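Me: Please take me through the features of this model, with the general idea before each case.

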Amino acid sequence: MNKPGYTHGRPSIALALALILSLFGLSRCYSPGRSPASMPQQPDQVHWNEVLQRPPVIRWRILQTGTVHVPLSGMMNLEDPKMAGMEDKPIDVLVMAHLLQRKDGAFLIDTGLDDSFSPGHKARMWGPLLRTYVLDWQQNPGQDLGSQLQRLQITPEAVFFTHLHSDHTAGVPALSEDTEFYVGKGDTFYNLPFIYRVTHLDGVQTLHEIDCAHATRAPILGSVIDIFGDGSLWAICTPGHSAGHLSYLAITTDGPVLFTGDASHTRKGFEMGIEPGWVDDREEAKRSLEKLRKFAATYPQVRVVYGHEL
Ligand SMILES: [Zn+2]
């Protein structure tokens, strides 16, 4: 006796399901393992005036690795009343990595794009969702992360990701296999069979997760982590655009620099106080943006660098 809803005429549904599941199995996407990042002893308190005046030990260099063509509505929330009447349209934005050189080695904030984005190459990302988020990209010959590092003769020790979206991880294949990778705890790496496939992290065994629950509470910026234990580079917990999003503050030879990451993709979004359109959690994204804006307003000597704009 069949249960209600089941009929003899439907074995094809089960067969189709089995076929789909086996195809999913065949095309299973790789995602690196995760382990807690070991961080140096953290300060009990943070005094930004004192931190911002420390002698710089970091030399900062922007590595511009290409541009992507994205909808304005992804970069800024067009529903915000301040954007009333603004039409959505595609815009070109920069895809950058930031090189931080210290005496003990070179480090990256994000990785930009590798050479698979150069003309005539097939980028290591595909799937129908790609066209929803990234319309197109452009990279001049020699602009990819690997070529730039080779010209500088630099092998970074580690990458500190703002988050794991592919425009921030796509340079990873250009890095040495000894590179260590750090990310905010719980940040999602999207790699979905048939829908949105990327292979940037296929060579990465472990992502070291920076846990905002173990952060120091600092004025204005809230949860922050002193990455090297000397106050030269701070991770700032700025969830919203993604669950484990981190911004960074570096005390560089060019002065202090606040890297917003995609807490604000653009200068205009930052200046107008409009969070990205693409967010995991809009209220968190608004709070994260507001604290960065307050910090920048309180310390005007800090240069602000946006996720996809200078
Ligand atoms: Zn981005």
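## Reading the model

Reply: Glu 275 counts as buried, at 1% relative accessibility, where buried means under 20% relative accessible area, exposed over 50% and partly exposed in between, with a 1.4 Å probe and protein chains only. This is a predicted model, in which local features need pLDDT of at least 70 and side-chain atom pairs count only at pLDDT 80 or more, whereas totals for chains, interfaces and linings use all residues. Residues are numbered from 1 along each chain as its sequence is written, and side-chain values use heavy atoms, with hydrogens and water left out.

Me: With which side chain does Glu 275 meet in a salt bridge?

Reply: In general, side chains of opposite charge can pair when their charged atoms come close. The criterion for a salt bridge is a side-chain nitrogen of Lys or Arg within 4 Å of a carboxyl oxygen of Asp or Glu. Here the partner of Glu 275 is Arg 282, at 2.7 Å from N to O, and Arg 282 is partly exposed at 28% relative accessibility, while Glu 275 is buried.

Me: How many salt bridges does the structure hold, and which residues are linked in a network of them?

Reply: The structure holds 9 salt bridges, and Arg 102, Asp 104 and Asp 230 are linked in a network of them. Another salt bridge joins Glu 209 to Arg 34, with 2.9 Å between the closest N and O atoms. That pair links distant parts of the chain, since Glu 209 belongs to strand E10 (residues 206-210) and Arg 34 to strand E1, 175 residues apart; helices (H or I, at least four residues) and strands (E, at least two) are DSSP runs numbered from the N terminus. Glu 209 is buried, with a relative accessible area of 11%, whereas Arg 34 is partly exposed at 33%. Glu 50 and Arg 54 form a further salt bridge, their closest N and O atoms being 3.0 Å apart; in this pair Glu 50 is partly exposed at 42% relative accessibility, and Arg 54 is partly exposed at 27%.

Me: Where is the place of Gln 42, and is Gln 42 buried or exposed?

Reply: Gln 42 sits in the loop between strand E1 (33-36) and helix H2 (48-52), and with a relative accessible area of 16% Gln 42 is buried. To read its polar contacts, look for a pair of N or O atoms within 3.5 Å; within protein, one must be able to donate a hydrogen and the other to accept it, and residues adjacent in sequence count only if both atoms are side-chain atoms. A polar atom of the Gln 42 side chain lies 2.9 Å from the backbone oxygen of Pro 40, and the side chain of Gln 42 also reaches the backbone nitrogen of Asp 226, at 2.6 Å. Leaving aside residues up to four places away in sequence, Gln 42 touches Thr 216, Val 224, Ile 225 and Asp 226, a contact being heavy atoms within 4.5 Å.

Me: Which residues does Ala 97 touch?

Reply: Ala 97 lies in strand E3 and is buried at 0% relative accessibility. Beyond residues up to four places away in sequence, Ala 97 touches Arg 61, Ile 62, Leu 63, Leu 108, Ile 109, Asp 110, Thr 111, Gly 112 and Leu 145. The C-alpha atoms of Ala 97 and Ile 62 are 6.3 Å apart in space, although 35 residues separate the two in sequence.

Me: What is phi in Gln 153 and in Ile 220?

Reply: Most residues other than glycine have a negative phi. In Gln 153, however, phi is positive, near 55 degrees; Gln 153 lies in the loop between helix H5 (145-152) and strand E7 (158-160) and is exposed, with a relative accessible area of 75%. Ile 220 has a positive phi of about 65 degrees and is found in the loop between strand E11 (216-218) and strand E12 (222-226), where Ile 220 counts as partly exposed at 27% relative accessibility.

Me: Which residues lie nearest the centre of the largest cavity?

Reply: The largest cavity is lined by 15 residues, and those nearest its centre are His 98, Asp 110, Gly 261, Tyr 306 and Gly 307. Two or more lining residues come from each of strand E3 (90-102), helix H6 (166-169), strand E15 (255-261) and strand E16 (303-306).

Notes:
On a 1 Å grid over the protein atoms alone, a cavity is a set of points where a 1.4 Å probe fits but cannot get out, and a pocket is an open set with protein on both sides within 12 Å along at least five of seven lines; lining residues have an atom within 4 Å of a point.
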